[in-house]
Each structure stands twice: as C-alpha cells, then as structure tokens.
Amino acid sequence: MKKKFLFILLIVISFFAPAVAVSKTVMIFGDSLSTSYGIPVEAGWVNLLSQRLQSQHANYQIINASVSGETSLGGRNRIEQALENHRPEIVILELGANDGLRGATIKSIYENLATIIEKCSQTNASVLLVGMQLPPNYGATYTKKFQAVFPQLAEKYQIKLIPFLLAGFGHNHDFFQNDGIHPNETAQKMIAENVWEVLQTMLNTDKIAIKPDQP
C-alpha cells in the first residue's frame with residue numbers, strides 16, 4: 001500500500017513540476033574576427049560572451065560556426081547547412097570584412113548578406129547583424145558605401161544591428177596584433193561588450209519578420 005502511495009505521489013509531483021527549460025542556441029556566423037585568430041580560444045570574445053550568457057540566461061548556449069578567411073559568398077554557400085545542423089534561435093552574422101579588404105563590389109556584399117538573412121528568416125531565426133568599417137586607405141567613396149551596407153540591410157529587414165564590432169578601439173593600433181587587422185586579447189572584452197549590448201535585447205523576444213521589398 002505504501003509503495004502504491006509513493007508511486008502515485010511521484011506521478012502527481014512530476015505532473016505539476018515546472019518543465020526544464022530547453023536550451024536555445026545563439027549561432028555565431030563569422031570570419032577570423034570571431035574565431036580567436038592569433039589568441040587562445042578561451043580569451044576570445046565569443047567565449048567571453050558565452051560565459052556571460054550562461055551566467056544570466058542559462059537556457060541559452062553559443063555555437064561558433066565561424067571560419068577564418070570567410071567571405072559573404074562563402075557564408076551564403078554554407079548558411080543552410082549551418083542552420084540545419086545547429087537550429088539556432090539567433091544568428092550573429094559577422095561577415096563582409098574580408099570582402100571589403102579584397103575590394104569586392106558593394107552590390108555583391110549586399111546581396112550575399114541579404115540572402116543569408118533571408119535564409120535565417122526562413123527557419124525563424126532572428127539575425128543580429130554586425131557592422132564593419134574599412135581603413136581609410138581603401139578610398140573615401142568605397143569605404144563609405146561599404147559601411148552603409150550594414151545599416152541598409154538592418155533597416156530593410158528590420159533586424160538588430162551592432163553599428164561597428166570594433167567600436168571604442170577600432171582606430172587604435174594598441175589593440176591589434178602585429179598584422180594590424182586582428183584584435184588582440186585586450187580588445188576581446190570590448191568586442192564582447194559591443195555584442196552583448198545589443199544581443200541582450202533579443203533574448204526571450206519574438207522573432208522579427210523580414211520585408212519583401214528589394215534593394
């Protein structure tokens with residue numbers, strides 16, 4: 001009789017007990033700026049962001065699907081597989097810098113990033129777009145158009161935007177490695193802060209639908 005009572009009690013408790021939160025995924029989809037290039041992985045901004053996310057939103061995890069040297073075209077070609085593999089709720093899209101450094105056309109950068117955003121939307125993943133800037137030696141006209149790509153896309157698709165990943169130190173050589181391109185360990189905390197400032201506004205919020213209009 002006692003065993004039967006305990007069995008029934010366990011059933012009742014399990015029925016009314018709150019469900020364990022299912023882990024949600026934030027996928028970083030970027031290039032070497034997101035792969036801890038030249039520094040220990042644990043010191044990189046992605047790992048720092050993951051620690052902060054776990055401490056404040058334990059039901060979220062970060063998956064880093066970034067590839068060093070990646071271009072917007074490369075990202076466009078592999079985004080569907082990445083979405084299928086990781087099924088993220090949020091995608092932090094950090095691509096375009098390598099395109100700009102190689103002098104790719106503004107049109108191609110825009111279209112590739114737009115396609116990635118649309119693919120994410122098709123799986124109901126919200127996108128946090130990361131803005132980038134180029135050194136002035138690429139010419140005023142090109143650098144201005146390149147920089148404008150990111151807010152234009154954010155406005156068109158009504159998605160969140162980090163205006164500049166390297167805000168606060170992007171023009172200070174003391175925060176870069178010897179190649180002058182990749183941020184050093186000291187800069188990683190600032191990058192993590194730049195990302196967190198916007199990402200935290202997206203957690204546990206509804207998805208944002210894209211607009212059908214064309215550029």
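Two strands pair if DSSP finds at least two bridges between them. Helices (H or I, at least four residues) and strands (E, at least two) are themselves DSSP runs, numbered from the N terminus. The model shown is predicted, so that local features need pLDDT of at least 70 and side-chain atom pairs count only at pLDDT 80 or more, while totals for chains, interfaces and linings use all residues. Residues are numbered from 1 along each chain as its sequence is written, and side-chain values use heavy atoms, with hydrogens and water left out.

**Figure 1. Overview of the protein chain.** The secondary structure comes to 7 helices and 5 strands. Read from the N terminus, the elements follow the order α-β-α-β-α-β-α-α-β-α-β-α. Of the 215 residues in the protein chain, 44% are buried; buried means under 20% relative accessible area, exposed over 50%, and partly exposed in between (1.4 Å probe, protein chains only). The chain exposes about 11,800 Å², of which carbon and sulfur atoms supply 56%. Accessible areas come from the Shrake-Rupley method with a 1.4 Å probe, and for residues only the protein chains shown count as cover. Among contacts with a separation of 6 or more, 79% join residues 24 or more positions apart; contact means heavy atoms within 4.5 Å.

Figure 2. How many residues of S3 are buried? The count is 5 of its 5 residues, and the strand is mostly covered. Strand S1 (residues 24–30) pairs with S3 in the parallel sense over 5 bridges, and glycine 30 has glutamate 94 as its bridge partner in S3. S3 is joined to strand S4 (residues 126–130) by 4 bridges, and these two strands run parallel. Within that pairing, isoleucine 90 stands opposite serine 126, and valine 91 stands opposite valine 127.

**Figure 3. Strand S4 within the sheet.** Why is S4 described as largely enclosed by the rest of the structure? The reason is that 5 of its 5 residues are buried. Ser126, Leu128 and Val130 point one way from S4, whereas Val127 and Leu129 point the other way. S4 is joined to S5 by 3 bridges, and the two strands run parallel. In S5, lysine 160 is the bridge partner of leucine 128.

**Figure 4. Helix H6 and its kink.** H6 (residues 140–157) has 18 residues and reaches 27 Å from its first C-alpha to its last, close to the 26 Å expected at 1.5 Å a residue. The expected span of a helix is 1.5 Å times one less than its number of residues. A kink of about 30° lies at valine 149, shortly before proline 151; the bend at a residue is the angle between axes fitted to the seven residues ending there and the seven starting there. The buried residues of H6 include Tyr142, Phe146, Val149 and Tyr157. These buried residues of H6 pack against helix H4 (97–101), H5, S4 and strand S5 (160–162). Just after H6, glutamine 158 takes a positive phi of about 55°.

**Figure 5. Asparagine 112 in helix H5.** Asparagine 112 lies in H5 (residues 106–122). With a relative accessible area of 7%, asparagine 112 is buried. Leaving aside neighbours within four places in sequence, asparagine 112 is in contact with Ser72, Leu73 and Arg76. Asparagine 112 and asparagine 77 are 35 residues apart in sequence and 9.1 Å apart in space, C-alpha to C-alpha.
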